[in-house]
Amino acid sequence: MNYLSVEQISKSYGELSLFSDISFGINAGQKVGFVAKNGTGKTSLLNILSGKDSPDSGTVVFRKNLKVAFLAQEPDLDPKLTVEETIFSADNEILKIIERYEKAILNPEDQDEYQKAFDAMDAHSAWDFETLYKQILFKLNLDELDKKVSKLSGGQKKRLALANALLRQPDLLIMDEPTNHLDLEMIEWLENFFAKENITLFMVTHDRYFLERVCNEIVELDNGQLYTYKGNYSYYLEKRDARIENEATETGKAKQLFKKELEWMRRQPKARTTKSKSRIEDFHEIKVRAGKRRADHEVQLELNMERLGTKTVELHGVSKSFGDHTLFERFDYNFLRGERVGIIGKNGTGKSTFLNIITGSLKPDTGKVVIGETVHFGYYTQRGIKVKEGVKVIDVIREFGDYIPLKKGRQISAQQLLERFLFDRKKQYDYVEKLSGGELKRLYLCTVLIKNPNFLILDEPTNDLDIVTLNVLENFLLDFPGCIIIVSHDRYFMDKIVDHLFVFKGNGSIEDFPGNYSDYRTYTESEAVKPEVTVASEAKKKNNWKDGSTGVKLSYNEQKEYQKLEKEIAGLEKEKEALQAKFATENWEGEEIDKQSQKFQSLVDAIEEKTERWFELSAKMES
């Protein structure tokens, strides 16, 4: 069943043509990953599909009555709404029923309204969806339901927009970089969610493991042309390499034919027959094919960096807390020359704080950081680059110098450096405000590397970078002879670069794990873990709640109460767990701690009260 047809659309901005006359379709059940370089039109295409922009020519046709949800890279949310109000504003009838039920629970004195809300939950089979709803909020760490959107961080807004899109239960979900601002556990949960759910996807993402494990089709936009590969990311790489090799062979043949035809054109007689005119037309076509070349560039910088001494960076008894929240305590470590360390952990466990302490922009509460005399940091932060409007790309680099020293006495100009990082000469004289998000990150990376560091610290360097640039960066880092510390949620990138991990556990401790991320996941999965309560198991429990009944049956109202208590206790337990987790991650002051402690105690009391009543009804049922 066809959901979407894109027919011969084109898009240009001034003299820049992003794509021309491209066509493709999306059918039910497809999970499509869209791959292209930064600045070639990925976000523009998604904006056209979402209706935020229109093509210069061509049409986009959605199936009638198709429910579509869009996840933008920068979510457009109403800042005046709370998290809960934003979720319940989604276009989903069952969410409205759950909202009514949630309100009825808060007003137990209105028994008529509660009974109507309860019956509506039954009539629409909303219990399972309520479990899914709470699971999504819990997994995406959206537990402050009464917090205004205006008070949320960029990452929280992205997670809220993702939750909203999932809870709409669309037929077709279109996403732009869905894994940005998600920690590793969230990304793996989302992978499993998409694997289980019967949902059609079209997404742009740089996360190659995500493409590998979620997608069953890859569509690549390359040099203005679309190429479709029916398979996952590994299949795409294999077939893409074969296509490029074949194109190179065909281009070689075309060049040989071009030489032959050029000789003929030079010696042809003045009298032109119909056949020769046709051959002349063919000649011009061959000339175009022969002149076709790939615009791929690879970074091959041999930086002549200052050699690291025996002392690089030493941490002695370093601790850091914010209020009662301890990030890490009495941490000791000596970095060796050439070390490659990856840092992982949930959001809020202190990863960026740790980097800021190493680089001296933040002081530890206790302990000290000793920096070797030969250490020259290159620090790539999440804040990115801040450039004034009206500044050209080339001028940004020239602020740091016109040349960079390379090995064997060679040097590279600022222009050559930008070319190696995929900025052609024309692009170098564009104004910075015209660059895409990924191009800005690429430019920022150049400003870090041009300083010729010997100790690189990269905080989420892969966000907004296309796969081509990621491969370029990976190749550079594999050849980099200095020390590297990387914080990243890109598992493929981490696996390729790092030798061992600092695992921020969230309880004040940092574990040094001897291996990359995949090694760590294999290790943790081998340990016994508590099975997660799934929607299916909740449904089974709901359908079979009477199975153990061997004696007196409960009255109708008591059956309803029994069923209601099961759901409420499960919900309260999840709310309690979420609040417990927040005590370990939030930087609350004294009054807020008291307030949250009282809330926690209220939850404990409510769970005890409802559990006691549940046992009463259970005992009556079994008597």
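Among contacts in the chain between residues at least 6 apart in sequence, what percentage join residues at least 24 apart? The value is 68%, where a contact means heavy atoms within 4.5 Å. The model is a predicted one, in which local features need pLDDT of at least 70 and side-chain atom pairs count only at pLDDT 80 or more, while totals for chains, interfaces and linings use all residues. Residues are numbered from 1 along each chain as its sequence is written, and side-chain values use heavy atoms, with hydrogens and water left out.

The chain has 623 residues, of which 48% are buried (under 20% relative accessible area, with exposed over 50% and partly exposed in between; 1.4 Å probe, protein chains only). Its secondary structure comprises 21 helices and 20 strands, taken as DSSP runs (H or I of at least four residues for helices, E of at least two for strands) and numbered from the N terminus.

Turning to the strands, an open sheet of 6 strands runs in the order β5-β6-β7-β3-β8-β9 with mixed pairing; two strands pair if DSSP finds at least two bridges between them. Because β5 (68–71) and β9 (225–229) each have a single partner strand, they stand at the edges, and one side of each is left without a neighbour in the sheet. From one strand to the next, the twist averages 15 degrees. Within this sheet, β6 (residues 172–176) pairs with β7 (residues 200–204) in the parallel sense over 5 bridges, and M175 stands opposite M203 in β7.

Among the helices, α3 (residues 93–106) and α5 (residues 126–139) have axes that come within 10 Å and cross at roughly 85 degrees. Axes here are lines fitted to C-alpha atoms, for helices over the stretch in contact, with angles from 0 to 180 degrees between N-to-C directions. Helix α3 is therefore roughly perpendicular to α5 (65 to 115 degrees). On the α3 side the contact is made by I94, L95, I97, I98, Y101 and E102, and α5 contributes A126, W127, F129, E130, Y133 and K134.

Aromatic pairs are also worth a look: a search of the whole structure finds 29 of them, counting rings of Phe, Tyr and Trp (its six-membered ring) with centres within 6.5 Å.

Technical notes. Parallel < 35°, antiparallel > 145°, perpendicular 65-115°, else oblique. Phe/Tyr/Trp six-rings, centres within 6.5 Å; stacked < 30°, edge-to-face > 60°.
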